[in-house]
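Hi there,

Here is the structure I promised to pass on to you. Please open it next to this email and follow along as you read.

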Amino acid sequence: MDEAVLIVDDEAIILNALARLFLDHDVRILRAGNGEEALGIVRREPVAVVVSDNLMPGMRGIELLSRVRDLSPDTVRVLLTGDADLPTAIEAVHRGEVFRFHMKPWVDEEIVRTVEEGMGRYQVVRSLRHGDEAALRSTGQMIELRDPYTQGHCDRVAAFALKIAEGLGLPEETRRAIRHGSWLHDCGKIGVPEAILNFPGKLSAADFDVVKKHPGWGADVGRQANLPGEVIDIILHHHERFDGRGYPTGAKGSEIPLEARIVAVADVFDAMSTDRPYAKGYEREEAMRVMGVLGGAALDPGLVDILLAGLIP
């Protein structure tokens, strides 16, 4: 593994405690005792995740992570903080200098999960930034592997969405964005724990709140990877509802970008046609009937009609 996780703290006991968390993980751990030493490491080699204490002599952690962002924009930045500087840490998250923060004393499992999510995010961004069309598709397929029930989902969503695009006579450039957005619409699920993704029942309100963050997380990844705006719109808005009761923004009707409305129709149709941990999929005819009911509420009715017309033999 080329990419590393860099831990930064001025106390050796903290560095050792954090490093021990990853003894049984396939992660290369680097250590630095201060900000300048950490920046030297980031300049020399690829670093996927930096986990830094905030209150250190000399350069504080937030300043370090801000400079890491300038040196290596794809590196995921995590801050350890105490009660006294919590407001500063929250502001750093809002400004984009920090991906996540953890309070001291930390919870071991939460630190490990954040680092694993950060490494996944780093790899996705790098794949998207430097990849061709085949790489975009393989990235979508890689994310599907975290949920065995969605195998082939991104390809099927793309096929259904392109049927709608063809029915609308959309230009090739827009169809390309729809194809790429279909493959990547769930890329934000890289931040959702697998235990939630594969839970065989109704999620708790807290777990569903985590799931509802994935469009925003995915859009952040898309922006970081410099994806086209239409693709980012699909990632961000594919769970909006036509009646305005969706997430994450509550947009409704034509406020939702057309490309996202198209992918939403394709996504819902494939989801209800496929077995999931919490429900068995409908047969094709029943799925088409339910789609007709959802038109005008969850989904754009005109786009539903175009898809259903294209599915009729």
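**A buried histidine, and what else turned up**

With a relative accessibility of 1%, H185 counts as buried, since buried means under 20%. Please keep in mind that this is a predicted model.

Where does H185 sit? You will find H185 in the loop that runs between α8 (172-184) and α9 (194-197). If we set aside the neighbours within four places in sequence, H185 is in contact with H153, V157, I234, I235, H238, V263 and D267.

Next, a pair of helices. Two packed helices are described by the angle between their axes and the distance between the axes. Helix α13 (residues 258-272) packs with helix α15 (residues 301-311) at an angle of about 50°, and the two axes are 10 Å apart. The two helices α13 and α15 are therefore oblique to each other, and their crossing is right-handed.

Which residues meet there? From α13 come L258, R261, I262, V265 and F269, and from α15 come L303, V304, L307 and L311. Sorted by type, the residues of this contact are eight nonpolar, no polar and one charged.

In soluble globular proteins, nonpolar side chains tend to be buried together. Here, the largest nonpolar core has 26 residues, and the ones that touch the most other members are I178, V265, F269, M291 and L307. Two or more residues of this core are given by each of α7 (153-168), α13, α14 (284-294) and α15. Which element gives the largest share? That is α13, with seven residues.

Apart from neighbours within four places in sequence, L307 is in contact with F160, I164, V265, F269 and M291. There is also a second, separate core of 22 residues, and among its members are I7, F22, V76 and I111.

Best wishes

Conventions. Residues are numbered from 1 along each chain as its sequence is written. This is a predicted model: local features need pLDDT of at least 70, side-chain atom pairs count only at pLDDT 80 or more; totals for chains, interfaces and linings use all residues. Side-chain values use heavy atoms; hydrogens and water are left out. Axes are lines fitted to C-alpha atoms, for helices over the stretch in contact, and angles run from 0 to 180 degrees between N-to-C directions. Helices (H or I, at least four residues) and strands (E, at least two) are DSSP runs, numbered from the N terminus. Angles under 35 degrees count as roughly parallel, over 145 as roughly antiparallel, 65 to 115 as roughly perpendicular and the rest as oblique. A crossing is left-handed if the near helix is turned anticlockwise from the far one by less than a right angle, and right-handed if clockwise. Contact means heavy atoms within 4.5 Å. Ala, Val, Leu, Ile, Met, Phe, Trp, Tyr, Cys and Pro count as nonpolar, Asp, Glu, Lys and Arg as charged, and the others, Gly among them, as polar. A nonpolar core is a set of buried Ala, Val, Leu, Ile, Met, Phe, Trp, Tyr and Cys residues joined through side-chain atoms within 4.5 Å. Buried means under 20% relative accessible area, exposed over 50%, partly exposed in between (1.4 Å probe, protein chains only).
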